[in-house]
Amino acid sequence: MKKKEFKKWNGAETNELLAAILKIKTVDEARRFFRDLCTEDELIDMADRFQAAKLLAQGYDQRDVADHVNMSTTTVSRVNHWLNQGEGGYQLILKRIGVIK
């Protein structure tokens, strides 16, 4: 096994993980896979960020979102940045689930 080297977020290993995620068919399968993959805190953090993105996309104020989700305003600001100036992933999924048009 090679020593761990600097990896990019969009490298081969990440692409392999994302391709594996696309094989998930149900919420139960996703829950089981992500629980094996992530710590409970990591899952909670991702869920909180997604909730923040939903609220921000619906027009809620960043401070109100931070209070509602119990998240720092710095993290909410980061979510807002990626929601509006990121790769378009939040926008894509929020449209698909009907949160935004």
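In helix α4, which spans residues 62–69, the residues V65, A66 and V69 are buried, where buried means under 20% relative accessible area, exposed over 50% and partly exposed in between, with a 1.4 Å probe and protein chains only. Viewed down the axis of α4, these buried residues fall within an arc of 100 degrees, so they line one face of the helix; the arc is that of the directions from the helix axis to the C-beta atoms. An α-helix has 3.6 residues a turn, so residues three or four places apart point the same way. Helices (H or I, at least four residues) and strands (E, at least two) are DSSP runs, numbered from the N terminus.

This is a predicted model, in which local features need pLDDT of at least 70 and side-chain atom pairs count only at pLDDT 80 or more, while totals for chains, interfaces and linings use all residues. Residues are numbered from 1 along each chain as its sequence is written, and side-chain values use heavy atoms, with hydrogens and water left out.

The face of α4 turned away from its buried side carries the exposed residues R63, D67 and H68, whereas the cover over the buried residues includes α3 (40–57) and α5 (73–85). At the start of α4, a side-chain oxygen of D61 reaches to within 3.0 Å of the backbone nitrogen of R63, and α4 is followed by N70, whose phi is positive, near 60 degrees.

Helix α3 also contains K54, which is partly exposed, with a relative accessible area of 22%. Leaving aside neighbours within four places in sequence, K54 is in contact (heavy atoms within 4.5 Å) with L94 and V99. K54 and V99 are 45 residues apart in sequence and 6.8 Å apart in space, C-alpha to C-alpha.

Terms used: A polar contact is a pair of N or O atoms within 3.5 Å; within protein, one must be able to donate a hydrogen and the other to accept it, and residues adjacent in sequence count only if both atoms are side-chain atoms.
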